[in-house]
Amino acid sequence: METSAASGGPGGVGGGPAPFLIKTYDMVDDSSTDEIVSWSDNKNSFVVWNPPEFARLLLPTYFKHNNFSSFIRQLNTYVQIIINKSFLWNHDNAVL
């Protein structure tokens, strides 16, 4: 895991997923952090169970900051892009 890479914009290199999406997936998919963040029951979304711990422990591990609001703002840019393309992103159809 690379902890110092930029979070990336709406597209990854070569048309693959953006680094932000890859890092978010890796963070959520780590079962050792399920008390803080985990996949929903149907596995097509995720839940941040403990936002203060998410910001304090997980964000700085994967990103260059520990600001929960910044994470949500960036996540919302991808959600907006996805909605505009009539495409629901989830881990089942992510190309990693």
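**Aromatic packing and a buried serine in a predicted chain**

Phe54 is located in helix H2, where helices (H or I, at least four residues) and strands (E, at least two) are DSSP runs numbered from the N terminus. The model is a predicted one, in which local features need pLDDT of at least 70 and side-chain atom pairs count only at pLDDT 80 or more, while totals for chains, interfaces and linings use all residues. Residues are numbered from 1 along each chain as its sequence is written, and side-chain values use heavy atoms, with hydrogens and water left out.

Phe54 counts as buried because its relative accessibility is 0%; buried means under 20% relative accessible area, exposed over 50%, and partly exposed in between (1.4 Å probe, protein chains only). Neighbours within four places in sequence aside, Phe54 is in contact (heavy atoms within 4.5 Å) with Met27, Ile36, Val37, Val48, Leu59, Phe68 and Phe71. Ile36 lies 18 residues from Phe54 along the chain, and the C-alpha atoms of the two are separated by 6.0 Å.

A pair of aromatic rings is described by the distance of the centres and the angle of the planes. Rings of Phe, Tyr and Trp (its six-membered ring) pair if their centres lie within 6.5 Å; planes under 30 degrees apart count as stacked, over 60 as edge-to-face and the rest as tilted. The whole structure contains 8 aromatic pairs. In one of them, Phe20 and Phe71 have ring centres 5.4 Å apart and planes at 40 degrees, so the pair is tilted. Because Phe20 lies in helix H1 and Phe71 in helix H3, this pair ties together parts that are 51 residues apart in sequence. Both Phe20 and Phe71 are buried. The rings of Phe54 and Phe71 form an edge-to-face pair, because their planes stand at 65 degrees, with centres 5.2 Å apart. This pair also links distant parts of the chain, with Phe54 in helix H2 and Phe71 in helix H3, 17 residues apart. Phe71 has a relative accessible area of 1%. Ring pairs join Phe20, Phe54, Phe63, Phe68, Phe71 and Tyr78 into a cluster.

The discussion now turns to strand S1 (residues 37–39), which contains Ser38. Ser38 counts as buried because its relative accessibility is 9%. Its side chain makes a polar contact with the side chain of Trp49 at 2.7 Å; such a contact is a pair of N or O atoms within 3.5 Å, and within protein one must be able to donate a hydrogen and the other to accept it, residues adjacent in sequence counting only if both atoms are side-chain atoms. Not counting residues up to four places away in sequence, Ser38 touches Val28, Ser45, Phe46, Val47 and Trp49. Asp34, in the loop between helix H1 (19–29) and S1, touches Val28 and Trp49 under the stated sequence exclusion of up to four places. Asp34 counts as partly exposed because its relative accessibility is 37%.

For the chain as a whole, the secondary structure comes to 3 helices and 2 strands, in the order α-β-β-α-α from the N terminus. Of its 96 residues, 29% count as buried.

Confidence is expressed as pLDDT, the predictor's confidence in each residue, from 0 to 100. The chain has a mean pLDDT of 77, and 68% of its residues reach 70 or more. Among the elements, helix H2 (residues 51–62) has the highest mean pLDDT (96) and helix H3 (residues 68–84) the lowest (78). Over residues 1–9 the pLDDT is below 50, and this stretch has 23 contacts in the model beyond near neighbours in sequence.
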